[in-house]
Amino acid sequence: MPDPKSPEVPSRARRHFLGLAASAGARVAALGVLASTALSSPAKADNSNNHPGWENGTGNPHGSPACFLRGTAILTPTGEVPVEALRIGDLVETVRGEALPIKWIGHRVYKKSNSAWPASVMPIRITRGALDDHTPHKDLYLSPLHALFLDGVLIAVKELVNGTSITPALPDHQAEIEYFQLLLASHEVILVEGAPAETFLPKGDNHENFSNFAEYERLYPNEPWPVLAPFAPVVSYGGRAHLKALLRLGLSPVVQRQDPVEDVYENTYKRLAARAEELVS
C-alpha cells in the first residue's frame, strides 16, 4: 500500500478520477444487478443540489444518509485517519489538491431489529482494487446512497453493485452499523481508502437523518444549513432505466446512442465490470 503521507496519493487519484477516460470494448454479461429496484425514473445528470435518494419524493424510507462506515480511512495532510477519529476543524485532502477544514461531522448508529439489515442501511463494499490496480487500497464500505466520483460524475454506489467486487456486505463480526459524514464549506470529493468519494451535500431536511443534527445548530446558531452546489453532475438511475442500461452492455460498440449521460454511466459500469472479471480470474 502506498505511503498515505506521500503527495503521490492525491496526485495519482487526480490522474485516475478527474476526467479519466472509460475503457472501451469490455466483455460483460448482463449481470443481474439491482434489477429488482422499484424506481422507474430515467437517468439524468443533475447540476442542482438534488441528490440520489432525496429527490422527487424517492427518499430512503429508513432515513439512511450517505455516509462512511466506522473505520474508513480519510486522507488528511498528515496521512490517513479513521473517520471516527476526525474532529471539527481538522483538514482533509480533496481531489482538487487543496486541504479543507471539516465544518461538521454527522453521525448515526443502526442496530439490527430483525434477522437481516434493510437494504437501505446495509453498507456496500467496494473490494480492494475494484476501481483499478490501486483503488481502493483496502475494502471500502459506504452507505448505499453515498456517491463515488468516477469519470467526471458522481454515482451512488448502490448503482454500481455487481455481486462480486461491489456488493452489499459488512465487515465480519459487526453487530451494529455506525456511519459518519463530513460537511465542508463546499461539496467536495475526498480520498477514502484511496478512492474518491463525496462529502455531505445538504438537501432539504436530509441532515435530520443524523442523530446529532442539532449539534450544527448549536455550533452555528445564526447560520442555516448551507445550500451547496454539487461538486460534479449527479448521475441517478432507477430500476427500469438501470436494467435497460445493463442490457445495452451487450450491444455492438458501433451502435450510436444520443444520450451522453447514459454513455458515461454505461462506460463506467463496463470498466468496473471488466475490472471485477480481472479480480476473480
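Predicted model: local features only at pLDDT ≥ 70, side-chain atom pairs only at ≥ 80, totals over all residues.
**Close-ups of a loop aspartate and some salt bridges**

View 1. Asp132 itself belongs to the loop that runs between strand E8 (124-126) and strand E9 (140-142). With a relative accessibility of 15%, Asp132 counts as buried.

**View 2. Arg70 paired with Glu178.** Here's one of the 5 salt bridges in the structure: Arg70 meets Glu178, with 3.1 Å between the closest N and O atoms. Arg70 comes from the loop between strands E2 (68-69) and E3 (73-76), while Glu178 is part of strand E13 (residues 176-183), so the pair ties together parts 108 residues apart in sequence. Arg70 is partly exposed at 44% relative accessibility, whereas Glu178 is buried at 12%.

**View 3. Glu223 paired with Lys103.** These two side chains form a salt bridge, 2.3 Å from N to O. Both ends are in loops: Glu223 between helix H2 (213-219) and strand E16 (234-236), Lys103 between strands E6 (99-101) and E7 (104-111), so this pair ties together parts that are 120 residues apart in sequence. Glu223 counts as partly exposed at 33% relative accessibility, and Lys103 as buried at 19%.

**View 4. Lys111 paired with Glu176.** This salt bridge puts the closest N and O atoms 2.6 Å apart. Lys111 is in strand E7 and Glu176 in strand E13, so the link joins parts 65 residues apart in sequence. Lys111 is exposed, at 61% relative accessibility; Glu176, at 29%, is partly exposed.

Key: Residues numbered from 1 in each chain as written. Heavy atoms only, no water. Helix = DSSP H or I, 4+ residues; strand = E, 2+ residues; numbered from the N terminus. Buried < 20%, exposed > 50% of the residue type's maximum accessible area, 1.4 Å probe, protein only. Salt bridge = Lys/Arg side-chain N within 4 Å of Asp/Glu carboxyl O.
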